[in-house]
Amino acid sequence: MSFFYTYLSLGLDHITDVQGYDHILFLLVLSALYPLSEWKKILVLVTAFTIGHSLSLACAALGIFQVNSAWIEFLIPVTILLTCVLNLYETKFELKQSDKLVYILALVFGLIHGLGFSNFFAAIYSDQMSIVLPLFSFNLGLEIGQLIIVLIFMLLKFMLSLVPRFSKQDWTIFISGIGFGLSLMMMLERFSAL
Amino acid sequence: MKKYSFLFALVVLVSSFTHHILKISNTTITKSEGKLNIEIKLFADDLTETMKSTGHSKLNYNKASLTAKDKEELQKYIAKNFSIQLNGTAQSIQFIDATTDLTDPNNSVIVVKYTSVNNISVNKGSKLKIKNTLLFEAMAEQRNMVTLLNLVGGEIEVMNFACKDKDVFQELVY
C-alpha cells in the first residue's frame, strides 16, 4: 500500500468509525434540514466543514498552536448540540436560517472538530517526515468519508420521504432529537475530564 | 409522530455509549550514522489491555511516567512481536527508552525508541523483512503501520500489518 493511500484510508476509516461517532453525528444534524434536491447546499456545507477542520488540523499538526484536548473533546458535542437547537428552533418557528450563516457555522465548528482530529493524527504521524503529503491525504480521506456518510443519509431520507405521512418536520425533529440527547450525554461524560 | 421520534431518540440515548479511536500503532524507521533508529508509538490503553491479556494484570501504561518494571516488560513484549531482517539476517535492536506522550490525556501514547546494535547498509536490491504483531493478542481490529524513511535515497515506504488478515511478516525489496 502506498504512503498516500495509507493516510487516505486512515482519514476515511477515522471519520467512518462508528465507535467515535461524534463527527458522524455532527454531519447528520448539519444536513438534517436539507432535502436531496438541495444537494449543492449540502456540498457547500460539507466543504465548509472540511475547510474548517483542515485549517485547524494543519495548524495543530504544525505546532502553530497547542490546545487542551480535553476542552476540544468537550466542545465537539457542544457544536452538535447547538446545531440541533438551531434545527429544532427553525422547525418549530418555521424560520429560514440564512445559508451564509449556516456555512459560517459549519466552518467555525469545523475548526473545533479539526482540533479533535489532530489528536488522532499526532498519534499516527511521525515528526521525522514532511507533514504535507500525510496531512493532505488524511484530509482527503476525511472528506471522502464525509461525503459517503452524507450521501447514505440523504438517500435514506429520500426513501423515507416516499412513505405516506412522512414529513420533513418529523425527520428534522427525529435526527435533531437523537443528536441533542447524545451530544448532551457526551458533554456530561467529557465535562469530568476538564 | 413527534412523540415517537423523541421516544426513539431516548432509547438510542441510553444504548451503548463508547468513544474510541481506531486501533492502530505507528512505527517509524530512519537511518543515521549507519544505524537504524526505530520509534514505536502505541496507544497506552491498548497496550495496557494487551499486557493484561498476556498475563500482566498489574501493569498500567496509562500514566505520565513509566516504571522500570513497565519498561522491562514492554521490552520483552516488543522482542516477541517486532523484528527486522535485512537480506535474511536478523538485526539486533537495542532499547533506548520508553516515554509517555500526554498531548492528548484521553488517549496517551507510549513512544518506544530503539536503535540497531550494528551498522546497517541498506542499498538498492536490499531485502528488508519486518515482523510486527504488536497488540494483535487483544485487538482483533489492530493495524500496525511501519514507515521506512529515507533508508535508500529519499524513498518513503509503508508496510501495513493487520490482525484480521493475520499479517505477521512483510517484505520489501528496494
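The points below treat the basis of the model, then helix packing, cores and strands.

1. Basis. This is a predicted model, in which local features need pLDDT of at least 70 and side-chain atom pairs count only at pLDDT 80 or more, while totals for chains, interfaces and linings use all residues. Residues are numbered from 1 along each chain as its sequence is written, chains are lettered from A and ligands numbered from 1 in the order in which they are written, and side-chain values use heavy atoms, with hydrogens and water left out.

2. Helix pair in chain A. The axes of α2(A) (residues 22-31) and α5(A) (residues 99-124) come within 11 Å and cross at roughly 170 degrees; helices are DSSP runs of H or I of at least four residues, and strands are runs of E of at least two, numbered from the N terminus. Axes are lines fitted to C-alpha atoms, for helices over the stretch in contact, with angles from 0 to 180 degrees between N-to-C directions. The crossing makes α2(A) roughly antiparallel to α5(A), a term for angles over 145 degrees. A:Asp22, A:His23, A:Phe26 and A:Leu30 of α2(A) meet A:Ala106, A:Phe109, A:His113 and A:Phe117 of α5(A), where contact means heavy atoms within 4.5 Å.

3. Cores. The largest nonpolar core has 56 residues, and A:Tyr7, A:Phe121, A:Ile124 and A:Phe138 have the most contacts inside it. Such a core is a set of buried Ala, Val, Leu, Ile, Met, Phe, Trp, Tyr and Cys residues joined through side-chain atoms within 4.5 Å; buried means under 20% relative accessible area (1.4 Å probe, protein chains only). α5(A) gives the most to this core, with 9 residues. Not counting residues up to four places away in sequence, A:Ile124 touches residues of both chains, including A:Leu10, B:Ile24 and B:Met145.

4. Strand β8(B). Of the 7 residues in β8(B) (residues 143-149), 6 are buried. β8(B) pairs with β1(B) (residues 24-32) in the parallel sense over 6 bridges; pairing requires at least two DSSP bridges between the strands. B:Thr147 in β8(B) stands opposite B:Thr28. With β9(B) (residues 156-162), β8(B) pairs in the antiparallel sense over 7 bridges, and B:Met145 stands opposite B:Asn160. β8(B) and β9(B) form a hairpin with 6 residues between them, and B:Asn150 in the turn has a positive phi of about 55 degrees.

5. Open sheet in chain B. The order is β4-β3-β7-β10, with antiparallel pairing, and the twist averages 25 degrees from one strand to the next. B:Phe82 has B:Asn132 in β7(B) as its bridge partner. Helix α3(B) (residues 68-81) lies across β3 and β7 of chain B, at about 45 degrees to β3(B).

Notes:
Buried < 20%, exposed > 50% of the residue type's maximum accessible area, 1.4 Å probe, protein only. Parallel < 35°, antiparallel > 145°, perpendicular 65-115°, else oblique.
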